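Here is a briefing on one protein model.

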Amino acid sequence: MAVGLGFNQMSAKAGVKKYGDKAVDAIVQECKQLDEKKAFKPRLMKDLTRTEKQRALRSITLVKMKRCGRIKGRTVADGRKQRDYVTKDESTSPTVSIEGLMLTIAIDAKEKRAVATADVEGAYLHADMDEVVIMLFEGEMVDYMVQANPERYAPYVHTTKDGKKLLYVELLKALYGCIKSALLWYNLFTSTLLEMGFTINPYDRCVANKVINGKQCTICWYVDDLKISHLSRYVVANIITNIEAKYGKMTVTHGKAHTYVGMDITFIGNGKVTILMKDYLLEGIEDFPEDCTASVNTPAG
């Protein structure tokens, strides 16, 4: 899971050891943000059933130094236990296909559309959990949670006979790492687009279209990363405003150049567009934890 979230991330313990108080502040800030978004409901250990305690997901908090030098904490759930009782049919979420994305980019270039890319901050946390999911904080993470909101969490801290602190919470929002979170977010966002009058493409469930002012507006999305296009920039801006009204302010890029799902997309005019991934690959090589610069004779070498 840590590798999937980024090569240069580390555990909270390792982050605090390396970055000291800056890491602690980042972790507490992450806990505060989750608390403010009402992601958790604290639960007393004695009120949980045996099954709930057995199925409780461990919390994982990671620390990362961003390129700007800022230390950031991120708390996720270790959802591996859920694989034992949640089927793939209940948890699989679609993402925009390569073919669908490339075709929409080609149409954007050919029709000289205005294009914007945006990402929904904390997308999963907008979606409500549809079942009871318990998560467990342990050790120092309990202290960080209490520091984030003492009145709310301190009364629920349980200390074991050997002095270990435990804090059980019920997840109210679709926290990253839970096996159904992506699908819950997909269903929520899709319902929003349908309410806005969009129609989901039957061949790609992460592409939606709507005719506005006689011209087609297209939205495609990869989890929380959106690409929106229409002949009129004002229409694109209005769509963004409507989405922000429901999900909060987004980071938005307008114009000819975009970085989207690891690709550098540049609309160069005359119906042409360039798509490169050089910077993404270089960043991956730089962040890779092992030396991979040696030359070999074959891929197997």
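Cys 31 is buried, with a relative accessible area of 0%; buried means under 20% relative accessible area, exposed over 50% and partly exposed in between, with a 1.4 Å probe and protein chains only. The model is predicted: local features need pLDDT of at least 70, side-chain atom pairs count only at pLDDT 80 or more, and totals for chains, interfaces and linings use all residues. Residues are numbered from 1 along each chain as its sequence is written, and side-chain values use heavy atoms, with hydrogens and water left out.

**Cysteines**

- The structure holds zero disulfides, a disulfide being a pair of cysteine sulfur atoms within 2.5 Å.
- For Cys 31, the closest cysteine sulfur belongs to Cys 178; at 16 Å, that is too far for a bond.
- Cys 206 is in no disulfide either, and its nearest cysteine sulfur, in Cys 220, is 8.8 Å away.
- Cys 206 is buried, at a relative accessible area of 1%.

**Aromatic pairs**

- Searching the whole structure gives seven aromatic pairs. Rings of Phe, Tyr and Trp (its six-membered ring) pair if their centres lie within 6.5 Å; planes under 30 degrees apart count as stacked, over 60 as edge-to-face and the rest as tilted.
- One of the pairs is Tyr 124 with Tyr 176, which is stacked at 5.8 Å centre to centre and 15° between the planes.
- This pair links distant parts of the chain, 52 residues apart. Tyr 124 is in the loop between strand 5 (114-119) and strand 6 (134-138), and Tyr 176 is in the loop between strand 8 (165-171) and helix 9 (181-195). Helices (H or I, at least four residues) and strands (E, at least two) are DSSP runs, numbered from the N terminus.
- Tyr 124 is buried at 14% relative accessible area, whereas Tyr 176 is partly exposed at 30%.
- Phe 189 and Trp 221 are edge-to-face, because their ring centres are 5.3 Å apart and their planes stand at 70°.
- That pair also links distant parts of the chain: Phe 189 is in helix 9 and Trp 221 in strand 11 (residues 215-222), 32 residues apart.
- Both Phe 189 and Trp 221 are buried.
- Ring pairs join Trp 185, Tyr 186, Phe 189, Trp 221 and Tyr 247 into a cluster.

**Charges over rings**

- Arg 55 lies over the face of Tyr 85, 3.8 Å from the ring centre. The criterion is NZ of Lys or CZ of Arg within 6 Å of the ring centre and within 35 degrees of the ring normal.
- Arg 74 has its charged end over the ring of Tyr 176, at 4.4 Å from the centre.

**Sheet and helix**

- Three strands form an open sheet in the order 14-15-16, with antiparallel pairing. Two strands pair if DSSP finds at least two bridges between them.
- Strand 14 (257-260) and strand 16 (272-276) are at the edges; each has a single partner strand, so one side of each has no neighbour in the sheet.
- From one strand to the next, the twist averages 20°. Axes are lines fitted to C-alpha atoms, for helices over the stretch in contact, and angles run from 0 to 180 degrees between N-to-C directions.
- Strand 15 (residues 263-269) and strand 16 run antiparallel and are joined by five bridges.
- Ile 265 stands opposite Ile 275 in strand 16.
- Helix 6 (residues 98-110) lies across strand 14, strand 15 and strand 16, at about 25° to strand 15. Contact means heavy atoms within 4.5 Å.

**Positive phi**

- Lys 38 is not a glycine, yet has a positive phi of about 55°.
- Lys 38 sits in the loop between helix 3 (21-36) and strand 2 (40-43) and is exposed, at 57% relative accessible area.
- Val 223, also not a glycine, has a positive phi of about 60°.
- Val 223 is in the loop between strand 11 and strand 12 and is partly exposed, at 24% relative accessibility.

**Asp 225**

- Asp 225 is in strand 12 (residues 225-230) and is partly exposed, with a relative accessible area of 25%.
- Leaving out residues up to four places away in sequence, Asp 225 touches Ala 118, Asp 119, Cys 220, Tyr 260 and Val 261.
- Asp 225 and Thr 75 are 150 residues apart in sequence and 20 Å apart in space, C-alpha to C-alpha.
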